Amino acid sequence: MDIADLSARITGGDRRALARAITLIESTRADQRGQAAALMEALKSAGREAIRIGLSGTPGVGKSTFIENFGLMLTGQGLRVAVLAVDPSSARSGGSILGDKTRMERLSRDARAFIRPSPSQTHLGGVARRTREAVALCEAAGFDVVLIETVGVGQSETVVAEMSDLFVLLLAPAGGDELQGVKRGIMEMADLILVNKADGDLKPAATRTCSDYAGALRLLRRRPQDPEGFPKAMTVSALHDDGLVRAWAEMTALVAWRREQGHFAARRAEQARYWFAEEVRHGLLARLDTPAARALMQDHAARVAAGDVTPAVAAAEVLARIGE
Ligand SMILES: Nc1nc2c(ncn2[C@@H]2O[C@H](COP(=O)(O)OP(=O)(O)O)[C@@H](O)[C@H]2O)c(=O)[nH]1
Ligand SMILES: [Mg+2]
């Protein structure tokens, strides 16, 4: 594959080239990993910057509906929108959270939109690393907004937050008068909480839920990357396209402030460090995952079990050997 040519096509806005590049970065073949790394390096200097928005919410809360209508609102303003997903369940189910393209039918046909389902890999870490590169590819391809969707299970919010400039939490109106079981850690990551389905019979509950969350947000420790009034909770109706313009206005205002104050660039630099360390960690683990390394492990494990050598000494020997 001609990496320079592929790189030029991507920055030229060729969508098929972008799709091919994403397939390339998702590959686990060693030779293709090398090409993927060269491609990412080549695109680094494209000098384009999208607004990367992480979007999380439990199944059924309205993520697909939101992405469709929010995405159409953005493309309607002339913006180019890419949608990616980090789906920790895709490995198990073989499906993907973007699989329900029926709810994004109009957006997927929009010439200014690009929708890509989650890569199918067995580990969240693998999915996350590749999605992070896909985000960078979309950015190099000139997309103005990259939406990264995830379902609220396990560690997926954390990894999505590590590749986003903004983290948006979508919630449903609560039935009773208690807050939904949103973990404190997730609340602390949110820049914007959107209580969806604020329409019809659900509107009063949505309004109540929203003020509950606004109260909860005020109790959190103030973050240096927030201007007055953030993080913020507001109601929307993704289905009826209500509040989406306002939500976008809040997002752009927050991004503008963070850019001005240097928080935007600082966060990206911090994220680059994080993904560098992740790659190193993954690379080390991958060295254990070869036939020779597995045999070495088995051999040393047997010697440890027999009491011939201590675990620490055996581990040091293995580490020295796989580091060669
Ligand atoms: N009333 C109402 N229903 C909504 C809204 N947004 C989504 N829904 C409905 O909630 C269900 C789940 O929506 P979906 O977008 O598939 O949720 P996802 O699983 O988070 O992607 C669907 O039946 C939607 O029509 C909304 O703003 N108001
Ligand atoms: Mg969905």
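1. Two residues are in contact if their C-beta atoms, placed from the backbone, lie within 7 Å. Helices (H or I, at least four residues) and strands (E, at least two) are DSSP runs, numbered from the N terminus. The model is predicted, and local features need pLDDT of at least 70, side-chain atom pairs count only at pLDDT 80 or more, and totals for chains, interfaces and linings use all residues. Residues are numbered from 1 along each chain as its sequence is written, while chains are lettered from A and ligands numbered from 1 in the order in which they are written.

2. The expected span is 1.5 Å times one less than the number of residues.

3. The pairing of helix 1 with helix 2 deserves attention. The two helices pack at an angle of about 125°, with their axes 8 Å apart. Helix 1 is therefore oblique to helix 2; angles under 35 degrees count as roughly parallel, over 145 as roughly antiparallel, 65 to 115 as roughly perpendicular and the rest as oblique. Axes are lines fitted to C-alpha atoms, for helices over the stretch in contact, with angles from 0 to 180 degrees between N-to-C directions. Helix 1 contributes Leu6, Arg9 and Ile10 to the contact, and helix 2 contributes Ala17, Leu18, Arg20 and Ala21.

4. Is Gly12 buried or exposed? Gly12 is exposed, because 10 other C-beta atoms lie within 10 Å. Gly12 and Ala141 stand 129 residues apart in sequence, yet their C-alpha atoms are 6.9 Å apart in space.

5. Helix 7 (residues 124-140) has 17 residues, which should span 24 Å at 1.5 Å a residue; its end C-alpha atoms are 24 Å apart, so the two values agree. How many residues of helix 7 are buried? The count is 15 of its 17, and helix 7 is thus described as mostly covered. Gly142 follows helix 7 and has a positive phi, near 90°.

6. Helix 13 and helix 14 form another pair. Helix 13 (residues 291-305) packs with helix 14 (residues 311-322) at an angle of about 165°, and their axes are 10 Å apart. The two helices are therefore roughly antiparallel to each other. The contact involves Ala293, Leu296, Met297, His300, Arg303 and Val304 of helix 13, together with Pro311, Ala314, Glu317, Val318, Arg321 and Ile322 of helix 14.

7. The length of helix 13 can be checked in the manner already shown. Its 15 residues should span 21 Å at 1.5 Å a residue, and the end C-alpha atoms of helix 13 are 21 Å apart, which agrees. Gly307 follows helix 13, with a positive phi near 85°.

8. Helix 4 (residues 63-76) meets helix 11: their axes come within 10 Å and cross at roughly 70°. The two helices are therefore roughly perpendicular to each other. Asn69, Phe70 and Met73 of helix 4 make the contact with Leu244, Val245 and Trp248 of helix 11.

9. Phi of Lys197 is near 65°, and Lys197 lies in the loop between strand 6 (192-195) and helix 10. Lys197 is buried, because 24 other C-beta atoms lie within 10 Å. Asp241 has a positive phi of about 60° and sits in the loop between strand 7 and helix 11 (244-261). Asp241 is partly exposed, because 15 other C-beta atoms lie within 10 Å.

10. Which two residues does a cis peptide bond join? They are Phe230 and Pro231, with omega about -5°. Pro231 lies in the loop between helix 10 (203-218) and strand 7 (232-235).

Note on methods
A residue is buried if 20 or more other C-beta atoms lie within 10 Å of its own, exposed if 12 or fewer, and partly exposed in between; C-beta atoms are placed from the backbone.
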